[in-house]
Amino acid sequence: MIRSFRFTSLLSAAKPLRSFACSSSPAIEPPQCSSSSSISLRITHPKTPLFLRAPSHAAPLSEVWKWHGWAKDLASSVDDNSSPEDEDSLDSILLLRELKWLIEDSIEASDHHHPVIITGTETPRGDDGEKKSVKLRASLEELYDLWRQRIEKRRPFQYVVGCEHWRDLVLCVEEGVLIPRPETELVVDMVEEVVRGDEWFKRGVWADLGTGSGAIAIGVARVLGGCGRVIATDLSHVAIAVAGNNVRRYGLEGMVEVREGSWFEPLKDVEGKLVGLVSNPPYIPSDDIPGLQAEVGRHEPRLALDGGVDGTDSLLHLCDGASRMLTSGGFFAFETNGEKQSKMIVDYMTSNLKDSFSGVKIVSDFAGIGRFVTGFRL
Amino acid sequence: MSSLIINRSRSRSVLLWKTYGIKITSIISHSFTDSVSSSGFSSSDSTRSFKTTSSGFESGKISNLAFSRNSFVSTARTLSSEAVPVASTCDGLTVERIIANQWPILDENESDWKSHAAAIAQSIQVIKRRLQWKKLLVRLRMLSVELNKPHLWDDPTHAGKISREHGSLTGKMKGVMTFERELLEHIDMLKLAKEEKDSELESETMSALKEMRRVSKEKELEALLSAENDQCSCYIEVQAGAGGTESNDWAAMVMEMYKTWAQRRKFSVTVVDEMPGEMAGIKRATIKVNGEYAYGYAKAEVGVHRLVRISPFDSGKRRHTSFAAVAVIPILGDGSTRVQINDSDLRIERFRSGGAGGQHANTTDSAVRIIHIPTGITATCQNERSQHMNKASAMAVLQSRLDQLEMARQTAMNAQHTQSLTEISWGNQIRTYVLHPYRMVKDLRTNYEVSDPDSVLEGDLDGFILSFLSSSLDKGDDEH
C-alpha cells in the first residue's frame, strides 16, 4: 500500500503535506518546528526523483534499445547544430554521460541486465530483445519526453532526474530550488577542517542561510557527527519542502531544523549564539542574469541567483548579520561570484567591520577561482 | 564413505611415518642443508630455535639437523614449516619416483591407479614449479628466523608484514604437502585393499584418486595466481599510440575487449577515466576491475598491442598498423603497507574548467585531476556524479599508482624478486591482431595463437592469459 501511495502521490501535487513521498522510512516524524515561522501549512509537496520511484513500468528490451539509440543520436547531433563560437551550447560527451546516468536512475537493475549492460556497446543479439522485458521507473513515453526536454528545452539534467549527486549525498531537487554546485562542496570541507581543529565547533549551533535543497546544512550536520545542531533557513516554500525532505531522507531530523524566512529573521532565538554560519547566497549581478547559460537562466530560480546591481546585496547583508549572530570565536564561510567579489567582501569586513572579525581570507575553488570568504568572529 | 577411508588411512599412516622415518630424515637433512647454503646462511644460523607458528606451538630447539626419529615424526605430522618431509608409501614410492616410472597416463575414466597416480604426480610437479617451490621453502625459513627474533614486534608494521607472508607461504606449502601425502596414502590403501581383497575399499579408493586427479587440475590453475597481490582488484589502463583516429579507435576496441572479458569473468567494471578521441575512439581510459584475482589475470596483458587492418577511416582502403599500450595496476588490500600521501603534496584541479563557474554554470561535469607534486604522477576521474566522488575515485587511482611505483622501486632493489613477470615494461610489444590480409591473433611472448580475432576482441582472452602465466612461471623456475 505504501508503495503505491508513494507512487501516485507524485502525480498529484495536492496531497496533504505530511505524506512521506521520499522518506526512506515512513515512520520517521517530520522536523519539530518550534515557532510559527517554521514550516508553514502552505508547503508544497516535494516531487519524487526518478531513482526513488517504484519500477512499475515494463517495456520490451528491444524498445528500450530503440529509445537508447534515439537518445544517443539526439545527444550526438548537438555538436552538428551548434557553431564553435557559441559559448552556450550543449556538449555531446557530457550528454552521453548524462544519458548513462538517466538509465541508471530509471531502469531497475536485475541479475540479468544491469542498466549499463542493457544499453552498453553490446548490440542486440537474436530475438533476445523481443522476449526479455525491462522494468522501468518511468514509462518509455516519459523517458522520450524527459530526454527531449533535456536537449531541446535545455532543462537541467538534475531536474530531469529529480536529484543531484553532491559530495557523498544524493539530494532531491526540483524546479524552484537551486541545484547545488560542485564548488559549494568545498564549504563543507572547510567546516570539516575547522571542526577537526577544535571540538568546540561540534557542540554549538550552526546556520545555513538560503539553504535551497538543504545541501550545505546536511553536509555540515554529517560533519558535526551527532552532537551539533544546524538551522537551515530559506525564503522559498519549495526550498523549505525540498530541504525538509532531504533532511528526512538522511535521518537528520534531530539535527537539522528547517525554518522559513528571510536570512536572519527566523534566527532571533539564537542571536549571538551561533558557532558557525555558512551560506551560498545569490551573488550574480542583475545585469548578468539575461546572459546566463540556458539551463541556469531559463530554469533555475532567480531568487537564488540574482544578487542585485553588483551581486553583493545578500553577501553584505550576511556580513553585517554575521557580526551580530556569531558568538566569539565563531566561524563563517560564504560563497561568492569569484575573485573580484571576494576581494570586495574581504575589504568590507576588514574595514567597515574591522573590530568584528579575524583571519578573514579568500579560499579558491578547484578551478583556481577565489570563490569563498572565510573567517572568525572576534 | 570417504571419511571412512581417511580414518583408516590416518591410523595407518602414523605407522608408515614410523617405519620410514629414518629414510625420510636423511632426505630432509640433505635438502635442508642444500637450501640453507643457497640462501647464504652460515650453518650456525640454522641452529637457532624455530617456531612453528603455523601449527600454533613451539617445536622446541632443534639443535642439530639430524633429527631424532621421534621428534621428526611429531613435527612432520604437524607439518612444521621448517622440516619438509618427503612423503612415501610403505614400499617407498614417492611422487618423484612415480614420475620417474613414466607410467602411461590414460583417460581418467580408466580405472588404473597407476595412470591416476602419474597424472596427479605430474600436477604436483607443475604446482611446485609454479609456486617456485625451492624458493618458497628458503623464503619460509628466512621468515621463521625473522619471526623468532625477540624484538620483532617493536616494529609492528614490519612484524605484521612478516607474519602475514609467513602465514600465506605456510598455507601454500601445507596445501601441497597434504595433497602429496594424500596421494601416497591412497596408493597404500589401494594396495592394502587388493591384498585383503576388499573390493568395496578398492573402488572407493579408486574414485578418491579420480577425484584427486580432477582437483589437481584446479590446483594447477590456482598455482598460476600465487604471486603477491594476485588476488587484488586492479585498474586497467589503455592508451592509444600515435596515429590519431586510427589508433584511438583501436584503443577503444582494446578497452572494450577488457570490459567484456571482465564481465565474462564476473568481475565488476567501472569506468574511472576516459578521454575520447576527436573523431572516434579514446585517447586513453582507465577502468576499475573489481573481483578476486583480477590483477593476477590482468597483469598478463601489460604491454603494447598491435593491430593490422584495412582502416575504416581511410577512404583509400589502405592497410594500417595501430598500437595501444596497456598498463595494469593492483589495488592493494588494507593489510598491505601503502604509500603515505601528504595532503600538502597534492594539487587538485578541476579538469575542464573555464567560465565563471559557481552559480553561473550548471554542468554535470565535475571531473577532477589530482597531481602528486613530488613524483609528477597524476590521476583523473570524471565518471562519478559528484566532484567529491570524482576526487575520491581519483585519489584511489593515485594511491595505487604510487603503491605500484614503490613496489617497482623495491623490486629493483631486491634482485631476488625479479621475475619474468615484473620485467615486462610498458614499451614491449606483446601481441599482434591481424584482420587483414589474413586473420589471426598471436602472442609474441608465448607464440600462442588464435585464428578468430573476433572472439578475442569479444573478450575471449583466457587462453592467452593462462598460456602466458604458465609459460612465464614454468620458465621462471627452470632458471633456478
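User: How are residues and chains labelled, and what limits apply to the model?

Analyst: Residues are numbered from 1 along each chain as its sequence is written, while chains are lettered from A and ligands numbered from 1 in the order in which they are written. As the model is predicted, local features need pLDDT of at least 70 and side-chain atom pairs count only at pLDDT 80 or more, whereas totals for chains, interfaces and linings use all residues.

User: What is the mean pLDDT of chain A, and where is the pLDDT below 50?

Analyst: The pLDDT is the predictor's confidence in each residue, from 0 to 100. Chain A has a mean of 85, and 81% of its residues reach 70 or more. Over residues 1-41 of chain A, however, the pLDDT is below 50. This stretch has 61 contacts in the model beyond near neighbours in sequence, a contact being two residues whose C-beta atoms, placed from the backbone, lie within 7 Å. Where pLDDT is low, the predicted coordinates should not be read in detail.

User: Why is A:Arg167 called buried?

Analyst: A residue is buried if 20 or more other C-beta atoms lie within 10 Å of its own, exposed if 12 or fewer, and partly exposed in between, with C-beta atoms placed from the backbone. A:Arg167 has 25 other C-beta atoms within 10 Å, and is therefore buried. A:Arg167 is in the loop between β3 (163-166) and β4 (169-172) of chain A; helices (H or I, at least four residues) and strands (E, at least two) are DSSP runs, numbered from the N terminus. Although not a glycine, A:Arg167 has a positive phi of about 50°.

User: Why is B:Asn229 called partly exposed?

Analyst: B:Asn229 has 17 other C-beta atoms within 10 Å, so it is partly exposed. The loop between α7 (199-224) and β1 (233-240) of chain B holds B:Asn229. Its phi is positive, about 75°, although B:Asn229 is not a glycine.

User: How do you know whether B:Leu307 is buried or exposed?

Analyst: With 26 other C-beta atoms within 10 Å, B:Leu307 is buried. B:Leu307 belongs to strand β4 (residues 303-310) of chain B. Leaving aside neighbours within four places in sequence, B:Leu307 is in contact with B:Trp250, B:Thr321, B:Ser322 and B:Tyr433. The C-alpha atoms of B:Leu307 and B:Val254 are separated by 9.9 Å, and these residues are 53 residues apart along the chain.

User: What makes α8(B) largely enclosed by the rest of the structure?

Analyst: Of the 20 residues of α8(B), 14 are buried, so this helix is largely enclosed by the rest of the structure. Helix α8 (residues 245-264) of chain B should span 28 Å, and its end C-alpha atoms are 28 Å apart, which agrees. Just after α8(B), B:Lys266 takes a positive phi of about 65°.

User: Which domains does the assignment give for chain A, and how far apart are their C-alpha centres?

Analyst: The assignment gives domain 1 (52-161) and domain 2 (166-377) of chain A; such bounds come from an automatic or database domain assignment. The C-alpha centres of domain 1 of chain A and domain 2 of chain A lie 35 Å apart. Their contact takes six residues from domain 1 of chain A and nine residues from domain 2 of chain A.

User: How many residues of each chain are in contact with the other chain?

Analyst: In the model, 23 residues of chain B are in contact with 33 residues of chain A. On the side of chain B that touches chain A, β6 (346-350) and α10 (387-413) of chain B each supply at least two residues.

Key: The expected span of a helix is 1.5 Å times one less than its number of residues.
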